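Here is a friendly walk through one protein model. Take a look at the sequence and the structure first, and then read on.

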Amino acid sequence: MAMVTRFNSISSRKLSNALTLLTSNKSMVATSDYGEFHKMVKRYILTSVLGSNAQKRYRGLRDTMIKNIVNVLHSEIKNNPQNAVNLREPFKAELFRLSLTEALGKDVESVYVEELGQEMSKKEIFNVLVMDPMMGALEVDWRDFFPYLRWVPNRSMEMKVQRIVARKTAVTRALINEQKKRIALGEEINCYLDFLLSENTLTEEQLTTLIWEAIIEASDTTLVTTEWAMYELARHPKCQDRLYHEIREVCGSEMVMEEHLPQLPYLNAVFHETLRKYSPAPIVPLRYAHEDTQLGGYDIPAGTPIAINLYACNMNQKDWDDPEEWKPERFLSSNFEPMDLYKTMAFGAGKRVCAGSLQAMLISCTAIGRFVQEFEWRLKEGEEDDIDTVQLTTHKLQPLHAYITTRAMDHSGLQSS
Ligand code: HEM
């Protein structure tokens, strides 16, 4: 509630030293202070990529993404019927392809990075733009906890993060320069880069940071949620059956498509219950009160850091029966609106609410629906208790390994609606 009613006072971000370096001192939507720059760039990303109109333009990309992952799973079963499949690899590759296309207008197989004097493969680009910065964001600078010692140098931490920043900036610049050649030839595409260049309001550093932001944010959280949902469905055959029957009833011989989502309450319940139990951001990125305010009856002086602990809220026994249990049924009550994205606050709230919630929901729900429609999922032995997490978001430490079998129904006959 406070995130909405007190947004004016508590919507600025408090960044660790590592995040300040990684985000070029608040030059991106998610880390900027609440103010004119934040309003402008949030409008940009919603208008050109993540808002509902923009998402309609990217529909074909999402459909292809899910079709490609399903095809990989089919060929895995065909080639190695005894092996458990690893969903993470094809999902990660397809999400990255989608994020590059939305941000730059084109998928990229490799790029020559002049500043590093090196040709980089797609895998290397992924590591430099996504994996390394995620790990860098976890760098702990003891000065974050003792701000009055800010003047004491901590060179090893700074140099480590600066190296990550230099590499991701060089690669993003090289990717942007490639696309500028396309634009110079008069070939414009509906994508974030072309939109930002046409607005002509940003410095080069801001442009580079915003393009990188669109790539890194799209490449991770949706995978985290979908992988945990498939883990739980494989662990709970009754829930999986219930979902399969709902899909058969609603979709018949058609493939699950985005149009079906409002008619699939159990699928939506699976998505929300997964967000509740495994919020990709268990603590909302830190904020601070930039003016004196009141929260829950307490006086909060300006400058106070504010951490909103979603994990604790979503595991609170007062609000949820058996919070440790994964029970999608809890989201089926008549007073729950299936398309309400904010029940668990996993996407935050108020003016800083997640800009990518619609894309995340469309991809994750359609993917879960298609995966269950086409295959029966069963956990590999020993996977039941494999629930450790790692990284900035609640990544499953070990990728999900599950046995899948094609459903008895002839899905070669599945039609797109
Ligand atoms: C299941 C998937 C996702 C979850 C759980 C999630 C969660 C969050 C959370 C908790 C915040 C902070 C909100 C606050 O401070 O109140 C946030 C912000 C943001 N997210 Fe997401 N996110 C997801 C997917 C995405 C995707 C796919 C994108 C982009 C492609 C994205 C882009 C953003 C942006 C730009 C912000 C900053 C908004 C602002 O500061 O105004 N998110 N997200």
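## The model at a glance

This is a predicted model, in which local features need pLDDT of at least 70 and side-chain atom pairs count only at pLDDT 80 or more, while totals for chains, interfaces and linings use all residues. Residues are numbered from 1 along each chain as its sequence is written.

The secondary structure comes to 16 helices and 12 strands; these are DSSP runs numbered from the N terminus, with helices being H or I of at least four residues and strands E of at least two. Of the 417 residues, 38% count as buried. Here, buried means that 20 or more other C-beta atoms lie within 10 Å of the residue's own, exposed means 12 or fewer, and partly exposed is in between, with C-beta atoms placed from the backbone. Among contacts between residues at least 6 apart in sequence, 75% join residues at least 24 apart; a contact is a pair of C-beta atoms, placed from the backbone, within 7 Å.

## Around the ligand

The ligand is surrounded by 26 residues, and the closest are Ala30, Ala218, Gly348, Cys354 and Gly356.

By type, the shell divides into 17 nonpolar, six polar and three charged residues. In this count Ala, Val, Leu, Ile, Met, Phe, Trp, Tyr, Cys and Pro are nonpolar, Asp, Glu, Lys and Arg are charged, and the others, Gly among them, are polar.

## Cys354

Where does Cys354 lie? Cys354 sits in the loop between helix 15 (310-314) and helix 16 (357-374). Cys354 counts as buried because it has 21 C-beta neighbours inside 10 Å. Not counting residues up to four places away in sequence, Cys354 touches Phe347 and Gly348.

An unreviewed UniProt entry carries the annotation "binding site" for Cys354. UniProt positions are given in the numbering used here, feature names are shortened, and annotations may be inferred rather than shown by experiment.

Helix 16 is mostly covered, with 14 of its 18 residues buried. The end C-alpha atoms of helix 16 are 26 Å apart, which agrees with the 26 Å that its 18 residues should span at 1.5 Å a residue; the expected span is 1.5 Å times one less than the number of residues.

Gln55, in helix 5 (residues 52-57), is partly exposed because 19 other C-beta atoms lie within 10 Å. Beyond its neighbours within four places in sequence, Gln55 is in contact with Leu50, Leu358, Gln359 and Leu362. Gln55 and Leu358 are 303 residues apart along the chain, yet their C-alpha atoms are separated by 8.1 Å.

Strands pair if DSSP finds at least two bridges between them. Strand 9 and strand 12 (residues 401-406) pair over five bridges; Arg378 stands opposite Tyr403, and Leu379 opposite Ala402.

Strand 1 and strand 5 pair over two bridges, and Arg13 has Arg287 as its bridge partner in strand 5.

Notes
Contact = placed C-beta atoms within 7 Å. Near = placed C-beta within 6 Å.
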